Amino acid sequence: MQARVVIVGAGLAGLRTAERLRRGGYDGSLTLVGAEQHLPYDRPPLSKGLLSGADEPAPPLLRSAERIAELDLDLRLGVRATALDAGARSLTFSDGTTLTADHVVLATGLLARTVPAWAGLAGVHTLRTFGDCLAIRAAADGAIHATVVGAGVLGSEIAASLRGRGIAVDLVDPLPQPLCRVVGDEVGAVVAGLHRAHGVGLHLGRSVAELTAPEGRVRGVRLDDGTQWATDLVVAAVGGAPDTDWLAASGLALDDGVAVDAHGAASVPGIWAVGDIASVADPRGTGRLRIEHWTAAGDLAATVAGNILATLRGDAPKAHTELPYMWSDQYDTKLQCLGLPRPGDDVVLLTGSLDDGVFLAAHVADGRVRAVSGAGIPAGLMRCRAAVADAVPLAELVALAPWDRKKVTA
Ligand SMILES: Cc1cc2nc3c(=O)[nH]c(=O)nc-3n(C[C@H](O)[C@H](O)[C@H](O)COP(=O)(O)OP(=O)(O)OC[C@H]3O[C@@H](n4cnc5c(N)ncnc54)[C@H](O)[C@@H]3O)c2cc1C
């Protein structure tokens, strides 16, 4: 199959697209362009073992240099795509080169959001790249106290990992529970319990009013209720924004990321998007889904690679139907979730105990299972896959096992 494919973004989704193209028999020109100098590496360890100090400070490569070579790529690292003319499928790069391709795959991920008022303050960090992780590790060496702002998946993991280094940690979020946007309030309360049990100061329903920073270095935090403390470093884990500024004049439809259809195809033929940057038409609804989880990035990459191969063969593309899945490791607990819970879902305990932190819970809307979350029962969670994918009535899920059922929402 001869053609030219250019993948922009050498992270998880970009690499997985390249791997799937080669595995599917594509033997044409394949360029992978990445803004970072490192070979494609994995991000989850950055907030876990690499941050706690359990792992050696080296990029956690997704594939060794030898195995990258097997892909026969035109690999351009340390090069940033600066412009795309979508209609012409033509790219311009930071090293002054240009490329025109038959298919362009956009895989540029997210940029960490920052808090404008804290810009330029020493001791304030975000975490997205290996370099960010090294900077936080260095700041944590010798630190007595850290403040983490944002108790989503990333902020909660950062708090747990810094706590694991023996540093005192306070975690602040305006929402009522950690991770509540991802797993709802009831399961979020389990995460809150974990942090409290490990001595993290939790400030939920609170915002940072001010960082005190004499001479430009952060020294303290004051909350909107007046609570204050001294701190040595602050990590702002306040979300990520799709890295699409460089696409503003591309002619592509952008909608909280690159808008793609159920096949992963963007609004202009021959342009595709994968990973955190892809805002996918929701096959079950009328809106869009942009999922920032590891498994989803690889799954969509597989769909898009398959659809590029299908297009080259003259076959029809297939819709992306993979069920979203995420996990988060905090302390010794692995929290998992299949499907996408929403605020207002009923949370029904299937087995175990939320208080003990070992459980399976169904997230139910209109009597149907929207998601299943859990901790400590991974095999049980995976048994729920088909039930969540098919959004079966709760009774059908309950019938899968002799689980006791107890409603935990008010
Ligand atoms: C610290 C951390 C921990 C995580 N932990 C978990 C977890 O426990 N569980 C889970 O499910 N998910 C987790 N995730 C999410 C998961 O890692 C992401 O969903 C995944 O990395 C997305 O892959 P991606 O390829 O879309 O983006 P990325 O991995 O961000 O890769 C994008 C790449 O594109 C490059 N790039 C950007 N712009 C350009 C440009 N213009 N030109 C060229 N290259 C460019 C970037 O430098 C980057 O290397 C975590 C994420 C982070 C940051």
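Trainee: Which residues does the UniProt annotation "domain: Reductase C-terminal" cover?
Mentor: Residues 325–394, according to the UniProt record, which is an unreviewed entry. Keep in mind that the model here is a predicted one.

Trainee: How much helix and strand is there over residues 325–394?
Mentor: That stretch of chain is 17% helix and 53% strand. Its end C-alpha atoms lie 19 Å apart.

Trainee: And what domains is the protein chain divided into?
Mentor: Domain 1 takes in 4–111 + 240–313, domain 2 is 114–236, and domain 3 is 332–407.

Trainee: How many Å separate the centres of domain 1 and domain 3?
Mentor: Taken over C-alpha atoms, the two centres are 32 Å apart.

Trainee: Let's move to the sheet of five strands. What is the strand order?
Mentor: The order is β3-β2-β1-β7-β19. The sheet is open, and the pairing is parallel.

Trainee: Which strands stand at the edges?
Mentor: β3 (74–77) and β19 (271–273) do. Each has a single partner strand, so one side of each has no neighbour in the sheet.

Trainee: What does the twist average from one strand to the next?
Mentor: It averages 15 degrees.

Trainee: What holds paired strands together in general?
Mentor: Strands of a sheet pair through backbone hydrogen bonds, in either a parallel or an antiparallel way.

Trainee: Back to this one. How many bridges are there between β7 and β19?
Mentor: Three, with strand β7 (residues 103–106) and β19 paired in the parallel sense. Across that pair, valine 105 stands opposite tryptophan 272 in β19.

Trainee: Which helix lies across β1, β7 and β19?
Mentor: Helix α7, residues 294–313. Its direction is at about 160 degrees to β19.

Trainee: How many bridges join β1 to β2, and what about β2 and β3?
Mentor: β1 and β2 run parallel and are joined by five bridges. β2 and β3 pair in the parallel sense over four.

Trainee: Which residues stand opposite threonine 31?
Mentor: Valine 6 stands opposite threonine 31 in the pairing of β1 with β2. Towards β3, threonine 31 stands opposite aspartate 74.

Trainee: Buried or exposed?
Mentor: Valine 190 counts as buried, because its relative accessibility is 12% and buried means under 20%.

Trainee: What does valine 190 touch, apart from residues up to four places away in sequence?
Mentor: Leu354, Gly357 and Phe359. Valine 190 and glycine 357 are 167 residues apart in sequence, and their C-alpha atoms are 6.1 Å apart in space.

Trainee: And valine 148, which strand is that in?
Mentor: Strand β10, residues 145–149. Valine 148 is buried, with a relative accessible area of 0%.

Trainee: Which residues is valine 148 in contact with, leaving aside neighbours within four places in sequence?
Mentor: Among them are Gly155, Ile158, Ala159, Leu162 and Val235.

Trainee: What separates valine 148 from arginine 16?
Mentor: They are 132 residues apart along the chain, and 32 Å separate their C-alpha atoms.

Terms used
Residues are numbered from 1 along each chain as its sequence is written. This is a predicted model: local features need pLDDT of at least 70, side-chain atom pairs count only at pLDDT 80 or more; totals for chains, interfaces and linings use all residues. Side-chain values use heavy atoms; hydrogens and water are left out. Domain bounds come from an automatic or database domain assignment. UniProt positions are given in the numbering used here, feature names are shortened, and annotations may be inferred rather than shown by experiment. Helices (H or I, at least four residues) and strands (E, at least two) are DSSP runs, numbered from the N terminus. Two strands pair if DSSP finds at least two bridges between them. Axes are lines fitted to C-alpha atoms, for helices over the stretch in contact, and angles run from 0 to 180 degrees between N-to-C directions. Contact means heavy atoms within 4.5 Å. Buried means under 20% relative accessible area, exposed over 50%, partly exposed in between (1.4 Å probe, protein chains only).
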